[in-house]
Amino acid sequence: MMKNKTIMTSVIAAVAITTIALVLGLSQAQNTSAVVPQGNNVYIFAEGVSPTVTFTFSDGVETADFQSFTQTSALSGTNGKGTQPEFTLVRVPGNTPLLYKATDELLTKGNRGTADWQYNRFNARVDLVQAGQPIRSFVYEGCEVNSYRVYTDYDKEEGYVTGGKTGFAVQDEYKMLCVGETPLNPLLQQNYNVAPEQKTKSTLDLPEQQKTK
């Protein structure tokens with residue numbers, strides 16, 4: 001009788017351990033799946049230089065990593081600041097609610113001459129970042145979303161019919177048209193802002209100073 005009770009207790013304990021392990025395994029799997037990598041640290045950029053953009057809207061400021069930045073019309077030797085600067089940004093859809101709001105408002109208003117349209121214009125600072133520091137920057141003033149689309153990019157060598165061996169990227173593409181542009185040179189500015197070397201007095205100078213007193 002005792003032997004049967006011992007066997008039954010062992011079976012119950014084994015079932016309990018198995019159940020706990022299964023629950024913990026499912027919990028860890030759910031937690032793992034919930035952690036989604038974000039930002040440009042996920043991707044490989046030449047020499048580690050990637051674009052980060054800070055938008056200043058009428059209702060807040062928002063900063064986000066972008067995977068592609070292209071100047072389609074910028075400062076030039078012939079036109080200079082007389083040219084309306086244009087640039088294109090591409091990123092995987094993410095946590096940019098203010099940018100989405102501005103995009104939807106600007107693209108659905110229709111009449112660009114209204115006061116609302118002017119109110120919804122925004123500024124954008126594009127930083128080309130390397131090792132956490134901007135090495136080249138551009139500040140765009142009075143910007144609007146000229147066009148916006150969502151598309152899917154993929155490896156051109158193999159399509160989805162190969163069984164998912166290659167990756168897909170659903171992407172937001174923004175084409176911005178602005179009123180003005182100011183280029184910045186953060187590295188040069190850092191060099192100018194370096195504190196001058198502190199001049200300390202040598203102990204050899206002290207006797208000479210005492211003689212003159």
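**Figure 1. A right-handed disulfide between Cys143 and Cys178.** The link of Cys143 and Cys178 is right-handed, with 105° about the S-S bond. In this predicted model, the two sulfur atoms sit 2.1 Å apart. Cys143 belongs to strand S6, while Cys178 comes from the loop between S7 and S8, so the link brings together distant parts of the chain, 35 residues apart. If you're new to these, a disulfide is a covalent bond between the sulfur atoms of two cysteines.

**Figure 2. Strand S6 and its partner strands.** Here we step back to take in strand S6, which covers residues 133-154. S6 runs antiparallel to S5, and eight bridges join the two. With S7, S6 pairs over 10 bridges, again in the antiparallel sense. Strand S8, residues 180-184, is joined to S6 by five bridges, and these two strands also run antiparallel. Asp127 has Ser137 as its bridge partner in S6. Phe138 stands opposite Pro183 in S8, and Glu144 stands opposite Leu177 in S7. As for the turn, the hairpin of S5 and S6 has two residues between the strands, and Ala131 takes a positive phi near 55° there.

**Figure 3. Ser137 and its surroundings.** Zoom in on Ser137, one of the residues in strand S6. Is Ser137 buried or exposed? With a relative accessible area of 0%, Ser137 is buried. Its side chain makes a polar contact of 2.5 Å with the side chain of Asp127. Asp127 is also the bridge partner of Ser137, so look for both links in this view; Asp127 itself counts as buried, at 12% relative accessibility. Leaving aside neighbours within four places in sequence, Ser137 is in contact with Arg125, Val126, Asp127, Thr182, Pro183, Leu184 and Pro186.

**Figure 4. Asp127 and Arg125 in a salt bridge.** Stay with Asp127 for a moment and turn to its charged partner. Asp127 forms a salt bridge with Arg125, and their closest N and O atoms are 2.8 Å apart.

**Figure 5. Glu144 and Arg121 meet in a salt bridge.** A search of the whole structure finds four salt bridges, and this view shows one of them, with an N to O distance of 2.8 Å between the side chains of Glu144 and Arg121. Glu144 lies in strand S6 and Arg121 in the loop between helix H3 (115-119) and strand S5 (122-130), so the pair ties together parts that are 23 residues apart in sequence. Glu144 counts as buried, at 2% relative accessibility, while Arg121 is partly exposed, at 22%.

**Figure 6. Arg149 and Glu173 link S6 to S7.** Here's another salt bridge, where the side chains of Arg149 and Glu173 meet at 2.9 Å, N to O. Arg149 sits in strand S6 and Glu173 in strand S7 (residues 168-177), which puts them 24 residues apart. Arg149 is partly exposed, with a relative accessible area of 41%, but Glu173 is buried at 13%.

**Figure 7. Aromatic rings in a cluster.** The count for the structure comes to 10 aromatic pairs. Among them is the tilted pair of Phe57 and Phe122, 5.1 Å centre to centre with 55° between the planes. Phe57 lies in strand S1 (residues 49-57) and Phe122 in strand S5, so the pair ties together parts that are 65 residues apart in sequence. Both Phe57 and Phe122 are buried. Next come the rings of Tyr148 and Tyr174, with centres 5.0 Å apart and planes at 35°, so this pair is tilted too. Tyr148 is in strand S6 and Tyr174 in strand S7, so the pair connects parts 26 residues apart in sequence. Tyr148 is partly exposed at 28%, whereas Tyr174 is buried at 0%.

How values were computed. Residues are numbered from 1 along each chain as its sequence is written. This is a predicted model: local features need pLDDT of at least 70, side-chain atom pairs count only at pLDDT 80 or more; totals for chains, interfaces and linings use all residues. Side-chain values use heavy atoms; hydrogens and water are left out. Helices (H or I, at least four residues) and strands (E, at least two) are DSSP runs, numbered from the N terminus. Buried means under 20% relative accessible area, exposed over 50%, partly exposed in between (1.4 Å probe, protein chains only). A polar contact is a pair of N or O atoms within 3.5 Å; within protein, one must be able to donate a hydrogen and the other to accept it, and residues adjacent in sequence count only if both atoms are side-chain atoms. Contact means heavy atoms within 4.5 Å. Two strands pair if DSSP finds at least two bridges between them. A disulfide is a pair of cysteine sulfur atoms within 2.5 Å. Rings of Phe, Tyr and Trp (its six-membered ring) pair if their centres lie within 6.5 Å; planes under 30 degrees apart count as stacked, over 60 as edge-to-face and the rest as tilted.
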